[in-house]
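Hi everyone, thanks for coming. Have a look at this one with me, and we'll go through a sheet and then a pair of domains.

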Amino acid sequence: MFYQPKSIGEALDLKAELKERAVFIAGGTDLVVLMNRGGRVTENLIDLTHVPELRAIDRRNGAIELAGNVTYAQAAKLPAPCLALASLSVGGPGIRELGTIAGNLATASPAGDGSTALLALDTEVELTSVRGSRRLPLEKFFLSYRKTALAPDEMITKVMIPANYRSDWLKNGKRGAVNISVVAVAVALTQKKEVRIALASVAPTPMRCRKAEEAFGKGADARQAAEIVRSEIKPITDHRASADYKTHLAGVMVRRLLEHLK
Amino acid sequence: MKTAANGLWPLRFKLNGKRVSKNVKPTQTLLDCLRLEFGLTGTKGACLEGECGSCYVLVDGRPMNSCMMLAPQVQGREVMTIEGLAHGKNLDVIQQKFIECGAVQCGYCTPGLIVAAKALLAANPHPSRAEFLVGMEGNICRCTGYNKILRACELAADQMGLTK
């Protein structure tokens, strides 16, 4: 069955009723690709593309609040540099018009560009069901490889990003566009000058490098912080690159970003 | 709104300027729907995962990969395919410039490229070379190389600037 609710309330009622037997679909850049390959997704799809309230971008209490269906094309214009650059590094224009920030979080790919930028920005997500809403720091949202804290009746209704961080982004892949990262790095500087370092494609989920952040805060230089990052990450050898190469690359990228962030 | 009792979706949308309706399988991609249900075979499919851009169409004026959309997702929306670009026998200026520049070899990628260029030039009438490269980065051509394609797009932008 295919459902096309017109409001968040209607969508949540459906999900509460169907739970694991339904999946939300928005951009389709993961789900429809899976279906094109002959994979069966679920018997029920709840399409969120006709819920206008999920497209909103608001500024509130020093935060940028993205509703669940904000696309990469929209996010590429936000005044949050690492997120804007990460969004612009996703796919091509057609994918950026389809793919959504919340969809990227829900898929929880270790290579998620949006997810990684949002981790560096201390983002919180609002998860809503008919039972109510809860807020969760993004780091607690990613549980393990492609597993998230989303309950079967919940939807990502908001993505809340502090508006005043300085930040930057580097992505290294095999080509210049329509590119899944070999390694991607987001760094951010809070107003209190605390540094945040997040990496994609080096662990089962996008990850923060807390030890490197702490050392940098206590006076380690960019090169030393990059060395700590190399010890914190756990990349695997795959068809994109060897674990050794990713480890080396991650250090180089972190060092360059930290040198320029000051 | 949900699937009808017969398992089909009563799809209604605007296709190349005309209101159309058809009962479709809700899991049919927009690409298959356009080609199989509406006979518009200008839009191509190749990778079916968003890598190649041969399936680009405009939805409410914005470029999208029709291979990754399900047909019901364009309910009430406006879709333009390569077939909708010409006005009668008058080709769109981008189509004219592709012909003039020989920016076509096998032609499989051409509809997607022209739709991508159409979207880019609608949003940004005077793109720099770098902006063209970003606007067209989702489209792959495996025969001509890209110089003639970019040249055609730039000439189209020039001509559109003159006629405005």
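So, in chain A five strands make an open sheet, in the order β4-β5-β10-β6-β7, with antiparallel pairing. Strands here are DSSP runs of E, at least two residues, and helices are runs of H or I, at least four, numbered from the N terminus; two strands pair if DSSP finds at least two bridges between them. β4 (57-60) and β7 (132-137) of chain A are at the edges with a single partner strand each, so one side of each has no neighbour in the sheet.

Quick housekeeping: this is a predicted model, where local features need pLDDT of at least 70 and side-chain atom pairs count only at pLDDT 80 or more, while totals for chains, interfaces and linings use all residues. Residues are numbered from 1 along each chain as its sequence is written, and chains are lettered from A and ligands numbered from 1 in the order in which they are written.

Back to chain A: β5 (residues 63-67) and β10 (residues 155-162) pair antiparallel over five bridges. There, Ala67(A) sits opposite Lys158(A) in β10(A).

Now chain B, which is split into domain 1 (9-84) and domain 2 (93-163); those bounds come from an automatic or database domain assignment. How far apart are the C-alpha centres of the two domains of chain B? They lie 21 Å apart. Across the boundary, 14 residues of domain 1 of chain B are in contact with 13 residues of domain 2 of chain B (contact means C-beta atoms, placed from the backbone, within 7 Å). On the domain 1 side of chain B, β3(B) gives the most, with three residues.

Conventions
Two residues are in contact if their C-beta atoms, placed from the backbone, lie within 7 Å.
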